[in-house]
Amino acid sequence: MIRRPLSPAGWFGAPALLLLALPFITLIGVTSWGEFHLAYGDWNAVAVSLGLSAVSVPLIIVLGTPLALWLARATSPLRRWAEVLVLIPLLTPPLALGILLVSAYGPYSTLGEALATVGLALTNNAAAFVLAQVYGALPYFILSARAAFESVPPSLEDAAKVLGAPPRQVLWRVTLPLARRGLATGLAIAWVRAVGEFGIVLVFSYFPQGIPVKLYINLQNDGVNAVYSLIWLLLLFTLPFPLWCLATGRQWRRLA
């Protein structure tokens, strides 16, 4: 293998890498490895975050993929309004969005009262937690997936249709395979956003407590030294999946 010298762009990018890495290098130094222990309820918080994220991320894929494909291919004037509706949750601070979810789905809202009549509630329970994760991560997935679909040349899809492939077959055998690298990136971002969502969850679904809320509680009760162990668990259990998505996307690019 021929080793190439680092390009000028690589040298100019080094400060950004150092800036991003510094907090985690610091984490290694400030962690009391000899007294490494978890606070009461930390394992339960890990189970809540991972378990409910495994529910919310498939929902995000099912809800976001058709909309992303439509945004990438549609020529309707309505597309601009749809893009605005996708961007609004991104521009809204998470705490404010949590308040809006309480106003929309809470027990005193019109929708909340209607749900209560059939025995459903969307505050401080697993369903509310999943809904908060969906609101926090769905726009990121939609934007990433739309960019992935836009990278697929329409001429290839048209060629498949000319050869007699039905629309569903074109989607599964042409569009999705060619967009899979960008979709893998969107999936990684959706997972990270769902697991790490704090502001919306704090307001809309304080219980059950996931990792971000438990970090906040540990910090308030016992100080900063009490949160490092849970931060390590957060990294240990949540990083492998997005890293796998990104690595798989790069592998697909080489095979393409």
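The crossing of helices α2 and α8 is right-handed. This crossing belongs to a predicted model of a chain whose secondary structure comes to 12 helices and 0 strands. Helix α2 also packs against α10, with their axes 8 Å apart, and its axis comes within 11 Å of that of α11.

**Overall organisation**

- Read along the sequence, the elements of the chain follow the pattern α-α-α-α-α-α-α-α-α-α-α-α, and the C-alpha trace spans about 65 × 65 × 25 Å along its principal axes.
- Of the 256 residues of the chain, 36% count as buried.
- Among the contacts with a separation of 6 or more, 78% are accounted for by residues 24 or more positions apart.

**The packing of α2 with α8**

- Helix α2 covers residues 42-73 and helix α8 covers residues 167-196, and the two pack at an angle of about 140° with their axes 10 Å apart.
- Because an angle counts as roughly antiparallel only when it is over 145 degrees, α2 and α8 are classed as oblique to each other.
- On the α2 side the contact is made by S49, L50, S53, A54, S56, V57, I60, I61 and L69, while α8 supplies L171, T175, L187, A190, W191, A194 and V195.
- By residue class, this contact of α2 with α8 divides into 12 nonpolar, 4 polar and no charged residues.

**The packing of α2 with α10**

- Helices α2 and α10 pack at an angle of about 155°, and their axes are 8 Å apart.
- This angle makes α2 roughly antiparallel to α10.
- The residues in contact are D42, A45, V46 and S49 from α2, together with I211, P212, K214 and N218 from α10.
- The contact of α2 with α10 is made up of 4 nonpolar, 2 polar and 2 charged residues.

**The packing of α2 with α11**

- Helix α11 comprises residues 228-238, and its axis and that of α2 come within 11 Å and cross at roughly 30°.
- Helices α2 and α11 are therefore roughly parallel to each other, and their crossing is right-handed.
- Here D42, W43, V46 and L50 of α2 meet L230, L233, F237 and T238 of α11.
- The contact of α2 with α11 divides into 6 nonpolar residues, 1 polar residue and 1 charged residue.

**Nonpolar cores**

- The largest nonpolar core holds 44 residues, of which I60, F149, L183 and F204 touch the most other members.
- Two or more residues of this core are given by each of α2, α3 (78-91), α4 (94-105), α6 (126-150), α8, α9 (199-204) and α10 (211-222).
- The largest share of the core, 13 residues, comes from α6.
- Apart from this core lies another, of 8 residues, including L27, L215, V227 and L230.
- Leaving aside residues up to four places away in sequence, F149 touches T65, A68, L69, A72, R73, T175, L176, A179 and L183.

**Individual residues in α6**

- Q133 has its place in helix α6 and is buried, with a relative accessible area of 0%.
- Beyond its neighbours within four places in sequence, Q133 is in contact with S49, L52, S53, S56, I60, A194 and V195, and several of these residues, among them S49, S53, S56, I60, A194 and V195, also take part in the contact between α2 and α8.
- A147 likewise lies in helix α6, but A147 is partly exposed, with a relative accessible area of 43%.
- The C-alpha atoms of A147 and L183 are separated by 8.8 Å, although these residues are 36 residues apart along the chain.

- S229 lies in helix α11 and, at 8% relative accessibility, counts as buried, because the cut-off for a buried residue is under 20% relative accessible area.
- Not counting residues up to four places away in sequence, S229 touches F36, H37 and L38.

Technical notes. Residues numbered from 1 in each chain as written. Predicted model: local features only at pLDDT ≥ 70, side-chain atom pairs only at ≥ 80, totals over all residues. Heavy atoms only, no water. Axes fitted to C-alpha atoms, helices over the stretch in contact; angles between N-to-C directions. Helix = DSSP H or I, 4+ residues; strand = E, 2+ residues; numbered from the N terminus. Parallel < 35°, antiparallel > 145°, perpendicular 65-115°, else oblique. Left-handed = near helix turned anticlockwise from the far one by under 90°. Contact = heavy atoms within 4.5 Å. Nonpolar A, V, L, I, M, F, W, Y, C, P; charged D, E, K, R; others polar. Core = buried A, V, L, I, M, F, W, Y, C linked by side-chain atoms within 4.5 Å. Buried < 20%, exposed > 50% of the residue type's maximum accessible area, 1.4 Å probe, protein only.
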